[in-house]
Structures are given as C-alpha cells and as structure tokens.
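This report is meant for a reader who is meeting the structure for the first time. Please look over the sequence and the model before reading on.

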Amino acid sequence: MAAGTRKPKTSPKSVKFLFGGLAGMAATVFVQPLDLVKNRMQLSGEGAKTKEYKTSFHAVGSILRKEGVRGIYTGLSAGLLRQATYTTTRLGIYTILFEKLTSSDGTPPNFFMKAVIGMTAGAIGAFVGTPAEVALIRMTADGRLPPDQRRGYTNVFNALLRITREEGVPTLWRGCVPTMARAVVVNAAQLASYSQSKQFLLDSGYFRDNILCHFCASMISGLVTTAASMPVDIAKTRIQNMRMIDGKPEYRNGLDVLVKVIRYEGFFSLWKGFTPYYARLGPHTVLTFIFLEQMNKFYKQFFLSA
C-alpha cells in the first residue's frame, strides 16, 4: 500500500533556514561578550607598540570597570543581524547547491565537492552579512575611544542608516573581500581539520566514535581554524573600523593591514584576540546545534505530528 511507503514528513526548506538563523542568533546572545573582547584586542595598540589590553582577562576587567555589564554586550543587535543574514544565506545556498549536485540516484556530492559547496556558501553568506559585520565592528570598538571621538550608534539599524547617510552605501560593504576570505578559510579549515582530527583520535585507540570523540575533534578543529583565519580576521576588523585621515583611508586593502601590523606591532600581533576567538568558536557551534535540535523537536511535535 502507498500509505506504508509514504516518506516521513519533514519541515519545509524555509523553516529549516529560519531555524538555522534563529539558532545562530540564540547562541550569539551567549557569546557576544567574547566577540566584543576579540574585536577590542584586535584594535588594541593599532599603529603603535603600546597595547590597551595585556590579555583577554585584562580586557574583560577593563571593559566591565569602565562600561559596566551593559558595555560587555555592546553591539548585540548587530551580532544578531549578522547571524540572521549570514547564517540564513549560508544555509540556504549550501542546501540549494547540495541538492543540485546530488545525482539522480541519490548519491551525495563527494568530499571535495562538499568542501567547494561549503566555501561558496560561506563566501556568499559573508557578502550578504558584511553590512551587519561593519556595524558590529564599529559598535564594539566605540567604547575604547574618548567620548568626543565615539560614533555613538544606538543600535544596528541606526548604524546602517548613519553609515549610508554619512559615508555612502559602498561603506556598508567595506572589507567584504577579507570577510569573504575569512569565511572561505574557516569553512575549508573546519572541514579538513575536523575529519583529520577525528580520524587521528580514533586511530589512537583511546576514543570510540561517540560524543566525546566529536567534542575533542571539534576543539582541535577549532584551534586549527582559529590559527588559520585570525590574520584575515584582523585585516577585516581594522578595515571596517578605519576612518579617513585627510581624505585618505588608513589602509589601502587587507594586505596593507597585514604589512603595517607586522611592521609596527610585530608578527604575532596578527593573532591578537586568539583566546576569545577560540573560546567563542566552540560554544557558539555547540549552542547553535542545541537550539536547532530543540526547535526541530518543537516543530515536529506541534506541526508535523498533527
């Protein structure tokens, strides 16, 4: 009978994208302070040898002392909009390309094609999310400036409106090349290092293919991903926060940022903010999946079982 072979009901694509975006946004609420600390660390000591913050803990203490608990959550609205735009677009593009490249007999794309799909989806998502990223960088950087130099954006929409009015629409996509490059590097590094780390752990004989092995592989993968993507990330942060000096931009492009950072601040300054960046990566991924599972469970229970 046809009823016996009927496929189980699944949520429509639009709901999957929506839940992906919402799960990312919910996770951001918990990790936003780490994003703020990472951005502050990357801008600390710009163009000079004197750093504002010695360590991540010094940065957290300093921000809490000067700006209070609300200060540590500055830019949350921009962080949420970034997730809504970047995550939803990335998931959508990934799903569409994955389905397009799945053969008619149901064979999924091979590992190399999956990596290409992941990097393409990441780059397109990053392009769509760049305006929110620019607002986020500027909002999180504001508190470190003297009051008369602050931009004073009240929320992400106020930031986007003022950037458009005061600096023109193209400024919203300032730094989109390093932003897209970072997304490609992150996707490629995550994919390659996760499967390699998992295989290494299983081959060691101390691990079985269970949640502990997946967690440890994720943390190793996060370490590799952070190390690989931080130089691109600092270029993105500096470009998106830069001001015009006598009608000229502080930096010409991402490469110019890297050269100046190495020359004036030292080679290892390219990895400024490593600790909060790494500390953010793991929890954000784990929390995103937890929220996603809960939303899917709720949807199945109330909409698909009816």
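The model discussed here is predicted.

For residues 209–298, the chain is 76% helix and 4% strand, with 28 Å between the end C-alpha atoms.

## The packing of α7 and α9

Helix α7, which covers residues 211–241, packs against helix α9, which covers residues 274–304, at an angle of about 130° and with the two axes 9 Å apart. Because angles over 145 degrees would count as roughly antiparallel and those from 65 to 115 as roughly perpendicular, α7 and α9 are oblique to each other. Their crossing is right-handed.

On the α7 side, the contact is formed by M219, G222, L223, T225, T226, A227, S229, M230 and D233, which meet F274, Y277, Y278 and L281 in α9. Sorted by class, this contact of α7 with α9 comprises eight nonpolar, four polar and one charged residues.

R82 belongs to helix α3, which spans residues 76–100. With a relative accessible area of 8%, R82 is buried, since the cut-off for that term is under 20%.

Leaving aside residues up to four places away in sequence, R82 touches D35, T87, A132, E133, L136, R182 and R280.

How values were computed: Residues are numbered from 1 along each chain as its sequence is written. This is a predicted model: local features need pLDDT of at least 70, side-chain atom pairs count only at pLDDT 80 or more; totals for chains, interfaces and linings use all residues. Side-chain values use heavy atoms; hydrogens and water are left out. Axes are lines fitted to C-alpha atoms, for helices over the stretch in contact, and angles run from 0 to 180 degrees between N-to-C directions. Helices (H or I, at least four residues) and strands (E, at least two) are DSSP runs, numbered from the N terminus. Angles under 35 degrees count as roughly parallel, over 145 as roughly antiparallel, 65 to 115 as roughly perpendicular and the rest as oblique. A crossing is left-handed if the near helix is turned anticlockwise from the far one by less than a right angle, and right-handed if clockwise. Contact means heavy atoms within 4.5 Å. Ala, Val, Leu, Ile, Met, Phe, Trp, Tyr, Cys and Pro count as nonpolar, Asp, Glu, Lys and Arg as charged, and the others, Gly among them, as polar. Buried means under 20% relative accessible area, exposed over 50%, partly exposed in between (1.4 Å probe, protein chains only).
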